[in-house]
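Work through the exercises below with the sequence and the 3D structure open. Try each task before reading its solution.

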Amino acid sequence: PVDDFAGLNVKEADKQIIAKMKERGRLVRNDNIVHSYPFCWRSDTPLIYKAVPSWFVKVESIKDRLVANNKESRWVPEEVQYKRFGNWLENARDWNVSRNRYWGTPIPIWMDKTTGEMLVIGSVAELEQLSGVSGITDIHRDKVDGITVKSPKTGATLHRIEEVFDCWFESGSMPYAQVHYPFDFDDKEVFKESFPADFIAEGLDQTRGWFYTLMVLSTALFDKPAFKNCVVNGLVLASDGKKMSKRLQNYPDPMKVVQSHGADALRLYLINSPVVRAEELRFSEDGVRGVVRDVMLPWFNAFRFLFQNTRQLAAETGKPIDL
């Protein structure tokens with residue numbers, strides 16, 4: 001292994017690596033190229049590209065069923081269903097469901113790394129039976145990583161793999177996880193009465209997130225969509241077109257907007273914006289102020305004019321008028 005630059009941050013080592021290559025006469029060219037690069041959205045530090053072994057779900061093998069099941073639900077707006085989401089399904093690739101971190105839902109695969117033998121554990125009860133460990137109530141990594149199981153086939157000792165699930169796998173499992181299906185169901189017909197869901201709603205970005213993982217898992221398990229109706233809203237962005245960020249504070253305080261202009265003005269501004277058509281909105285407090293000026297105040301003044309005149313008419317005629 002190369003240990004010349006051990007301990008240095010990968011980015012800080014660049015100049016020293018270039019100098020070393022130049023010293024050895026192996027530097028062909030040294031240029032700076034401006035290009036897009038991923039940064040951590042929390043710390044603004046550059047990320048590192050690194051190939052790691054991963055676990056995949058064979059989504060491509062059920063791609064045709066995904067496309068067919070997408071047609072079994074109703075979407076608003078409809079074009080999202082057949083264009084943005086439909087195109088994504090038609091070009092679906094195998095899904096990397098593993099993540100190399102500590103906190104998360106452990107992937108329940110126990111494996112013999114020498115022989116490659118694998119065993120997928122289907123429940124806590126099965127894990128207790130095969131491991132001989134009883135009273136398992138917490139299945140996070142710090143509790144289950146040390147549990148070994150004996151292979152029913154070969155008798156070999158199997159250890160859990162290190163990876164945890166992509167959190168989107170958990171999100172896609174929501175219809176089953178929220179009711180602990182199938183473990184808390186003596187009668188599976190009861191579950192079928194509530195699945196698929198009558199209605200879900202989320203933002204446009206979920207065509208590659210929650211909508212997608214819901215569809216993949218429900219198709220793989222039941223060959224049907226996870227929902228009957230789906231309402232998609234657009235994304236509310238900062239006034240400069242960037243995502244709203246608590247760290248950057250690139251948006252006005254919502255409560256101050258409500259206090260300054262009223263909740264109804266904010267509601268009317270949003271309900272009359274592109275977000276109801278699943279399009280992006282660059283939020284502007286001036287837009288809310290415009291609703292107050294062009295809608296709320298004229299309406300209030302018209303109502304006040306009507307109220308004052310009906311009250312005067314009632315006083316002159318002696319006949320009360322109900323509004």
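**Exercise 1.** Find the residues in contact with glutamate 128, leaving aside its neighbours within four places in sequence.

Solution. Step 1: contact means heavy atoms within 4.5 Å. Step 3: locate the residue; glutamate 128 lies in helix α4, residues 124–131. Helices (H or I, at least four residues) and strands (E, at least two) are DSSP runs, numbered from the N terminus. Step 4: glutamate 128 counts as partly exposed because its relative accessibility is 24%; buried means under 20% relative accessible area, exposed over 50%, and partly exposed in between (1.4 Å probe, protein chains only).

The model is predicted: local features need pLDDT of at least 70, side-chain atom pairs count only at pLDDT 80 or more, and totals for chains, interfaces and linings use all residues. Residues are numbered from 1 along each chain as its sequence is written, and side-chain values use heavy atoms, with hydrogens and water left out.

**Exercise 2.** Is threonine 213 buried or exposed?

Solution. Step 1: threonine 213 is found in helix α9, residues 210–222. Step 2: its relative accessible area is 2%, so threonine 213 is buried. Step 3: not counting residues up to four places away in sequence, threonine 213 touches Trp95, Trp168, Ser171 and Gly172.

**Exercise 3.** Describe how α11 and α12 are placed relative to each other.

Solution. Step 1: two packed helices are described by the angle between their axes and the distance between the axes. Step 2: the axes of α11 and helix α12 (residues 285–317) come within 9 Å and cross at roughly 100°. Axes are lines fitted to C-alpha atoms, for helices over the stretch in contact, and angles run from 0 to 180 degrees between N-to-C directions. Step 3: angles under 35 degrees count as roughly parallel, over 145 as roughly antiparallel, 65 to 115 as roughly perpendicular and the rest as oblique. The two helices, α11 and α12, are therefore roughly perpendicular. Step 4: among the residues that meet are Leu268 and Tyr269 in α11, and Val291 and Val295 in α12.

**Exercise 4.** Which residue forms a salt bridge with arginine 247?

Solution. Step 1: side chains of opposite charge can pair when their charged atoms come close. Step 2: a salt bridge is a side-chain nitrogen of Lys or Arg within 4 Å of a carboxyl oxygen of Asp or Glu. Step 3: the partner of arginine 247 is aspartate 44, with the closest N and O atoms 3.3 Å apart. Arginine 247 lies in the loop between β12 and α10 and aspartate 44 in the loop between α1 (14–23) and β1 (56–57), so the pair ties together parts that are 203 residues apart in sequence. Step 4: arginine 247 is partly exposed at 41% relative accessibility, and aspartate 44 is partly exposed at 44%.

**Exercise 5.** How many salt bridges does the rule give, and which residues are linked in a network?

Solution. Step 1: the count comes to 14 salt bridges. Step 2: lysine 143 and aspartate 138 meet in a salt bridge at 4.0 Å, N to O. Step 3: Asp138, Asp142 and Lys143 are linked in a network of salt bridges. Step 4: lysine 143 is partly exposed at 44% relative accessibility, and aspartate 138 is partly exposed at 29%.
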